[in-house]
Amino acid sequence: MSGADLEIDLPAGAAGGAGPRMDWRAGAGRAVSGRITVPGDKSISHRALMLAALADGETRIEGFLEGEDTRATAAILAAMGVAIQAPADAVRLVRGVGLHGLRAPAQALDCGNSGTAMRLLAGLLAGQDFDSVLTGDVSLSTRPMRRVVEPLTTMGARVAATPAGTAPLSIRGGQCLRGGDHVLPVASAQVKSALLLAGLRADGPVRMREPHATRDYTESMLRAFGVDIETDASGWISLQPPARLLSPGRIEVPADFSSAAFFLVAASVVPGSELAIECVGLNPRRTGLLDSLLDMGADIAIGNRREAGGETVADLHVRHAPLLGIDVPPARVPDMIDEFPALFAAAALAEGETRIAGAAELRVKESDRIAVMAAGLRVLGIAIEERPDGAVIRGGRPRGGVRLDSAGDHRCAMALAVLAQAAPAPVTIGDCANVATSFPGFVELAAAVGLELAPGQSFHARGDRLRR
Ligand code: S3P
């Protein structure tokens with residue numbers, strides 16, 4: 001779809017990409033030990049803000065992720081008239097404006113590095129009465145957006161991307177959105193959620209089926225806000241557009257499994273380690289890495305399993321254990337889609353080969369994660385064969401004294417920092433500032449439990465990597 005008739009002026013710098021560049025030094029860590037909690041779930045924090053904004057009444061969100069991604073969503077909702085207070089760290093009070101209460105923003109809405117913010121908000125904004133523009137940073141501005149533009153267009157929305165199918169997204173308000181059926185070509189919780197959020201303003205029921213079930217937080221949360229939404233035995237999800245959303249009052253966000261993942265791998269690979277990670281969300285559509293690590297021989301016990309905020313949470317106890325390479329079942333890929341950088345680190349230190357296939361989606365995440373992790377492993381002297389949809393990794397001993405590049409990808413930076421713990425001498429990891437998008441305080445927490453990791457500031461702008 002051409003964006004020609006939908007062009008809206010962007011403020012200077014709206015495409016993002018400039019900011020302080022942060023390098024890390026990592027290596028030869030001590031045994032990992034202690035009892036930790038990691039920050040709140042990123043996916044749930046975004047959704048809690050968005051639905052609370054559209055509800056009638058006030059919602060208190062506890063365990064909110066204080067990350068750049070989720071703060072970007074909060075700032076965008078505030079720019080459309082939603083009052084959001086932060087009475088304490090990791091707490092938000094959202095005064096909902098109702099399904100029809102958002103106001104036209106005065107300028108483009110900057111999603112920063114967050115694909116979840118951009119894709120979900122595209123759905124939410126598609127049915128509003130006003131025009132809007134969603135922008136993002138350098139990385140987000142290269143990520144595929146046709147996957148949301150096309151099904152939203154089928155619903156009658158007018159959403160335009162660039163000719164390359166990327167952000168900025170220009171959204172023309174005042175359209176009448178139609179209900180109907182969608183068979184989604186990609187297993188993407190973001191695409192599914194965009195359609196569900198658009199469906200809140202549709203003229204009839206919206207139904208969709210995914211090629212593989214993905215995280216169902218939007219469905220659960222819509223239900224908690226009083227929306228009639230069902231998933232049948234054949235995987236069809238049906239949403240009945242509601243007259244209004246009723247605030248559930250309080251949402252408890254569990255700790256993010258994706259953030260816990262780096263510590264699961266670190267404690268597994270560093271000899272002598274023993275670590276407890278408390279109250280981690282164990283939604284089965286998120287825990288593929290746990291299954292893969294157990295298949296590799298990891299010693300991880302799941303204790304104190306309970307329900308919190310409608311999700312299963314548990315404490316994870318992990319002890320060092322020698323890991324063996326595995327073939328990751330392709331059917332498990334969507335359940336661990338964010339955990340492949342961590343898995344690459346585990347595989348690099350495991351005995352034998354780990355084979356990954358059916359994971360081409362990794363190439364369109366915050367970076368091309370197959371290429372970035374493969375480059376890092378190669379520099380560390382670990383044998384890796386890159387495939388279009390995965391890799392074959394032969395475990396070994398990483399070398400020290402080298403420089404790695406995280407390519408501004410938060411999860412690659414954290415995975416490389418974990419892998420570096422096995423190097424005999426420190427390594428430098430470049431471009432790590434984006435770790436603040438999902439895991440502020442990672443360096444401090446990692447160092448507190450025994451990882452050898454420290455930040456170092458460099459004087460380059462983040463946008464430099466475009467020009468190099
Ligand atoms: C997310 C869904 C996943 C995941 C991302 C967060 C979400 O993306 O990779 O980090 O919150 O819905 P896709 O839906 O594109 O697979």
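Below are legends for a handful of close-up views of this predicted model.

Residues are counted from 1 along each chain as its sequence is written, and side-chain values rest on heavy atoms, with hydrogens and water left out. Since the model is a prediction, local features need pLDDT of at least 70 and side-chain atom pairs count only at pLDDT 80 or more, while totals for chains, interfaces and linings use all residues.

**View 1. Four strands make an open sheet.**
The order across this sheet is E10-E11-E13-E12, with mixed pairing. Strands E10 (180–183) and E12 (228–231) are the edge strands: each has a single partner, so one side of each has no neighbour in the sheet. On average, neighbouring strands here are turned by 15° against each other, direction ignored. Helices (H or I, at least four residues) and strands (E, at least two) are DSSP runs, numbered from the N terminus, and two strands pair if DSSP finds at least two bridges between them. Strands in a sheet pair through backbone hydrogen bonds, parallel or antiparallel.

**View 2. Here are strands E11 and E13, with helix H6 lying across E12 and E13.**
E11 (residues 206–209) and E13 (residues 237–240) pair in the antiparallel sense over 3 bridges. Look for arginine 207, whose bridge partner in E13 is serine 238. H6 covers residues 217–224 and runs at about 145° to E12. Axes are lines fitted to C-alpha atoms, for helices over the stretch in contact, and angles run from 0 to 180 degrees between N-to-C directions.

**View 3. Lysine 192 is a buried residue in helix H5.**
H5 spans residues 189–199. Lysine 192 has 0% relative accessibility, so it counts as buried (buried means under 20% relative accessible area, exposed over 50%, partly exposed in between, with a 1.4 Å probe and protein chains only). What does its side chain make a polar contact with? The partner is the side chain of glutamate 219, at 2.8 Å. A polar contact is a pair of N or O atoms within 3.5 Å; within protein, one must be able to donate a hydrogen and the other to accept it, and residues adjacent in sequence count only if both atoms are side-chain atoms. Leaving aside neighbours within four places in sequence, lysine 192 is in contact (heavy atoms within 4.5 Å) with several residues, including Leu184, Met208, Thr214 and Ile237.

**View 4. Helices H7 and H11 cross at roughly 15°.**
The axes of H7 (residues 257–269) and H11 (residues 410–420) come within 9 Å. That angle makes H7 roughly parallel to H11 (under 35 degrees; over 145 is roughly antiparallel, 65 to 115 roughly perpendicular and the rest oblique). Ser258, Phe262, Val265 and Ala266 in H7 meet Arg411, Met414, Ala415 and Val418 in H11.

**View 5. Leucine 65 sits in a loop and is buried.**
The loop runs between strand E3 (56–62) and H2, and leucine 65 has 0% relative accessibility. Apart from neighbours within four places in sequence, leucine 65 is in contact with residues including Pro39, Asp41, Ser45, Thr437 and Pro440.

**View 6. Glycine 81 is a partly exposed loop residue.**
Find glycine 81 between helix H2 (68–79) and strand E4 (83–88); its relative accessible area is 24%. Not counting residues up to four places away in sequence, glycine 81 touches Val97 and Arg103. Arginine 35 is 46 residues away along the chain, with 40 Å between the two C-alpha atoms.
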